Amino acid sequence: MLFKQFFEPETSTFTYLMACEKTKQAVLIDTVESEVPVYLQELDSQGLKLVYTLETHVHADHVTGADALRQKLGSKSVVHRDAGAMCGDLLVTDGVHIIVGTLDLEVRYTPGHTNGCISFFVGDRIFTGDSLLIGGCGRTDFQSGDSGQLYDSIHSKIFSLPDEVIVYPGHDYNGNTQSTVGEERKNNKRLGGGRSREDFIKILSELKLAYPKFIDVALPANQACGRVIPGQAA
Ligand SMILES: [Fe+2]
């Protein structure tokens with residue numbers, strides 16, 4: 001399997017490229033519109049064919065490159081059926097396997113940060129979007145977020161995996177690039193060490209977070225897969 005992690009510094013967003021070495025078919029997870037030229041160059045230099053752009057959720061902090069890539073390369077956008085993005089070519093739910101050459105990506109429904117969040121489990125690694133971050137988790141105070149639901153999602157769909165499974169999150173603000181299920185189960189500041197559901201809900205309710213900078217532009221644009229909507233300032 002070919003694998004590459006990209007980092008967009010303005011919003012500290014990770015994008016992931018995975019490709020089947022045999023068929024040269026590729027997927028990108030959580031693209032950022034401003035970085036599309038970087039992805040195009042990488043795909044071209046490795047001779048890869050982009051089949052899908054996968055969204056872990058509808059992002060509030062950056063605009064997806066899904067539509068730009070769809071226009072240029074004919075890739076299909078994949079999003080959870082409850083994400084509120086009916087522009088997706090493939091609306092998926094828990095348990096769906098996305099097969100691309102020898103790649104097998106299992107969709108795990110992990111709501112709580114938003115009601116349309118999914119993680120992608122691929123053998124030795126899981127892409128957790130904003131559900132589970134390194135040492136933390138996504139906020140739950142907008143986009144139908146629910147702290148109790150997030151706790152349950154992380155425990156049943158991520159912490160249930162073996163310790164050594166690698167965790168690749170949607171963002172990191174502290175210079176980390178990856179973690180493991182075992183590390184997060186033990187040391188995650190909000191969830192680790194067997195933290196109770198009650199405590200977790202309390203911690204999240206006491207976070208004093210600023211209104212997200214780009215949400216008014218990013219949400220409507222992402223509900224349209226990154227397409228510029230007439231009348232919107234995207
Ligand atoms: Fe998010």
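Q: Before we start, what counts as a cavity here?
A: On a 1 Å grid over the protein atoms alone, a cavity is a set of points where a 1.4 Å probe fits but cannot get out. Bear in mind that this is a predicted model.

Q: Got it. How many cavities of 30 Å³ or more are there?
A: The count comes to one. As the largest cavity, it has a volume of about 60 Å³.

Q: Which residues line the largest cavity?
A: Its lining is made of Glu55, His57, Val58, His59, Thr64, Ser77, Val79, Ala85, Asn222 and Cys225. By type, the lining residues divide into four nonpolar, five polar and one charged.

Q: Let's switch to the metal. What coordinates the iron ion?
A: The iron ion is held by His57 through NE2, His113 through NE2 and Asp130 through OD, at 2.1 to 2.3 Å.

Q: Is histidine 57 buried or exposed? And aspartate 130?
A: Histidine 57 counts as buried, because its relative accessibility is 2%, under the 20% cut-off. Aspartate 130 is also buried, at 8%.

Q: New topic: how many salt bridges does a search of the whole structure find?
A: The search finds 11. One of them joins the side chains of lysine 4 and glutamate 42, at 3.2 Å from N to O.

Q: What does the lysine 4 and glutamate 42 pair tie together?
A: Lysine 4 lies in strand S1 (residues 2–8) and glutamate 42 in helix H1 (residues 36–45), so the bridge ties together parts that are 38 residues apart in sequence. Lysine 4 is partly exposed at 31% relative accessibility, whereas glutamate 42 is buried at 14%.

Q: What about glutamate 106 and arginine 108?
A: Their side chains meet in a salt bridge at 3.1 Å, N to O. Glutamate 106 is buried at 19%, and arginine 108 is buried at 14%.

Q: And aspartate 124 with arginine 125?
A: That salt bridge is 2.8 Å, N to O. Aspartate 124 is partly exposed at 38%, but arginine 125 is buried at 10%.

Q: Last one: which residues are linked in a network of salt bridges?
A: Asp67, Arg70, Asp89 and Arg227 are.

Note on methods:
Residues numbered from 1 in each chain as written. Predicted model: local features only at pLDDT ≥ 70, side-chain atom pairs only at ≥ 80, totals over all residues. Heavy atoms only, no water. 1 Å grid on protein atoms, 1.4 Å probe; cavity = no way out; pocket = protein on both sides within 12 Å on 5 of 7 lines; lining within 4 Å. Points joined across faces, edges and corners; volume = space filled by probe spheres on them. Nonpolar A, V, L, I, M, F, W, Y, C, P; charged D, E, K, R; others polar. Donors = N, O, S within 2.8 Å, 3.2 Å for Na, K, Ca; no water. Buried < 20%, exposed > 50% of the residue type's maximum accessible area, 1.4 Å probe, protein only. Salt bridge = Lys/Arg side-chain N within 4 Å of Asp/Glu carboxyl O. Helix = DSSP H or I, 4+ residues; strand = E, 2+ residues; numbered from the N terminus.
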